[in-house]
Amino acid sequence: MSENGATEPVSRMNGDSGTLLEVRGLHAFYGESHVLHGVDLDVREGEVVTLLGRNGAGKTTTLRAIMGILGQRKGSVLLEGRELIDLPSNRIARLGIGYVPEERGIFASLNVTENLLLPPEIASGGLSIERIHALFPNLKERARSQGTRLSGGEQQMLAIARILRTGARFLLLDEPTEGLAPVIIEQIGRVVRDLKEEGFTILLVEQNFRFASTIADRHYVMEDGHMVDMIPNADLDANMSKLHDYLGV
Ligand code: ATP
């Protein structure tokens with residue numbers, strides 16, 4: 001990071017297994033309601049990490065708290081060693097973190113290309129429209145379709161593509177597969193794997209741990225605003241009954 005505090009984006013080094021994000025003792029509140037109770041979480045550069053847990057466990061709130069889009073948060077959120085806890089969300093985004101919320105935020109009155117071009121670049125090296133079309137062929141076909149006319153899967157792809165345009169290299173994805181057909185979930189999985197190969201780092205909320213197991217290196221499990229477990233993907237089979245208990249499935 002520069003000494004004058006200017007925002008420098010997340011580094012582009014591939015193959016660096018250093019810690020990118022280090023969250024310690026994170027508390028978050030909605031008004032009077034205390035939702036996160038001291039969450040710890042690490043994400044290494046180039047990893048895909050999932051947050052699993054039942055409805056209401058605090059997964060979305062964890063992503064929102066990392067991005068600083070909550071009323072109040074306490075604790076420590078370090079990005080490459082830099083403390084984010086007192087930074088506003090626009091400064092956090094400019095450090096190279098791209099957040100794709102569950103509601104996707106596609107503008108209904110704009111077409112696919114207009115939606116893609118809307119967010120400002122936060123760093124150089126964002127994906128070109130050509131690269132985005134290669135990654136998401138559906139979006140190329142639908143380039144002139146209005147947001148309202150897109151399927152749920154197309155909207156999800158557009159929401160991810162739009163963030164990739166901005167130059168963000170660390171992605172926070174909230175339930176990218178929610179409500180989508182299996183064939184679309186497979187496409188999203190392929191995109192996540194491609195991005196990982198290109199050196200992106202991804203933290204995603206997932207309800208579908210079968211999908212999560214096909215893309216992630218590690219899984220964190222949340223319950224009632226606490227982090228209760230971390231399971232490496234290689235150990236998932238051995239932990240399946242525990243995971244069923246956590247998730248109530
Ligand atoms: P889900 O998959 O259902 O979204 P989650 O694990 O992502 O689950 P959160 O959305 O983070 O859970 O919610 C954690 C808790 O915070 C829940 O008890 C929820 O009711 C509460 N909560 C979420 N958003 C708000 C809000 N805007 N105001 C008040 N409470 C909220």
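A polar contact here is a pair of N or O atoms within 3.5 Å; within protein, one must be able to donate a hydrogen and the other to accept it, and residues adjacent in sequence count only if both atoms are side-chain atoms. This is a predicted model, where local features need pLDDT of at least 70, side-chain atom pairs count only at pLDDT 80 or more, and totals for chains, interfaces and linings use all residues. Residues are numbered from 1 along each chain as its sequence is written, and side-chain values use heavy atoms, with hydrogens and water left out.

**Contacts with the ligand**
- A polar side-chain atom of threonine 61 sits 2.5 Å from an oxygen atom of the ligand.
- The backbone takes part too: a backbone N or O atom of glycine 56 is 2.7 Å from a ligand oxygen, and a polar backbone atom of alanine 57 is 3.0 Å from a ligand oxygen.
- Taken alone, the ligand exposes 630 Å², and the protein buries 58% of that (Shrake-Rupley method, 1.4 Å probe).

**The shell around the ligand**
- Residues around the ligand (a heavy atom within 4 Å) include Tyr30, Arg54, Lys59, Glu175 and Gln207.
- Helix α1 (residues 59–67) supplies the largest share of this shell, 3 residues; helices are DSSP runs of H or I with at least four residues, numbered from the N terminus.

**A helix pair**
- The axes of helix α6 (residues 152–165) and helix α7 (residues 182–197) come within 10 Å and cross at roughly 15°, with axes fitted to C-alpha atoms over the stretch in contact and angles running from 0 to 180 degrees between N-to-C directions.
- That makes α6 roughly parallel to α7 (angles under 35 degrees).

Conventions: Helix = DSSP H or I, 4+ residues; strand = E, 2+ residues; numbered from the N terminus. Parallel < 35°, antiparallel > 145°, perpendicular 65-115°, else oblique.
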